[in-house]
Amino acid sequence: MKYKEKTASEIIRMIEQDLCSISEICKTFKISRKTFYEWKKAKPEFGEAVEEAIDHREEVMIASARIGLKQLLEGYMQKKEKVTYIPDKNDPLNEVEKCRVVEKKFCPPSIRAIKYVLDREERKKDRDRLLASERHPLVIEVQDEETRRQLMILKGNGFRSGGSLNPEVVAAVDKELEEEGKMKSEEPEVKSEELKVKNEQGQVMEQQPVAQPSAAPVEKPKPKNLYPFLPPGYTSRTD
């Protein structure tokens, strides 16, 4: 089947109004799905119009869903009509309306809808808190171990209340604290062993003999003057 502007317009209208699926539209106009997608590829204006129709349909559906959700959250008035017909006196083959009864009933807010909205908002807040903590880590200084334990339980429960009532979260936090306590208790022993080794090494160094300083050189005695009657600086010489 050849591409026709009229057929393309009808297809776009049906898509936009969400009357039928693509397969049903193709059956209505007696074309194959392959032909439909070939038209989208060969005719850019048709392809763009189809995408715009699909987007508009999605927007309308989302708006309708929001309206319905709002009614469920706030409550709504349900209207029911009951019509009674009787045979027409002038024309027994036809019927005419005898009376119409309209019943109105108020439907209260839906608990499930309210819970859905609150849970969605809570999940959104959790995601925002997680992103904020990744950008700017939160640092809290505590003065006692019990406050630190409660904060760890809060963190283990995804920063949601009720973590103290969750036995799995409490057990995981207590186990982590117990492991930290074991590590801290083992650290002083290691330090004491290192200190002991250092002390032993110091004692060995102290026990080593200290080298004696070298003795000062002894000056040799000057020879005595054999001729004391001569003045200093003169010596006797024999020919």
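**Helix packing and salt bridges**

E180 is partly exposed, with a relative accessible area of 23% (partly exposed lies between buried, under 20%, and exposed, over 50%, using a 1.4 Å probe and protein chains only). This is a predicted model, where local features need pLDDT of at least 70 and side-chain atom pairs count only at pLDDT 80 or more, while totals for chains, interfaces and linings use all residues. Residues are numbered from 1 along each chain as its sequence is written, and side-chain values use heavy atoms, leaving out hydrogens and water.

So who does E180 pair with? Its side chain meets R148 in a salt bridge (2.9 Å, N to O), the term meaning a Lys or Arg side-chain nitrogen within 4 Å of a carboxyl oxygen of Asp or Glu. The two sit 32 residues apart, R148 in helix α6 and E180 in helix α7 (residues 167-207); helices here are DSSP runs (H or I, at least four residues), numbered from the N terminus. R148 is partly exposed too, at 26%.

R129 and D126 make another salt bridge, with the closest N and O atoms 2.3 Å apart. They lie 3 residues apart in helix α5 (residues 111-135), so about one helical turn separates them. There's also a network of salt bridges linking K79, E81, E97 and R100, with R100 and E97 meeting at 3.0 Å, N to O.

Now for some packing: helices α3 (residues 33-42) and α4 (residues 44-74) have axes 5 Å apart, at an angle of about 110° (axes are lines fitted to C-alpha atoms over the stretch in contact, and angles run from 0 to 180 degrees between N-to-C directions). That makes α3 and α4 roughly perpendicular, a label covering 65 to 115 degrees.

Key:
Angles under 35 degrees count as roughly parallel, over 145 as roughly antiparallel, 65 to 115 as roughly perpendicular and the rest as oblique.
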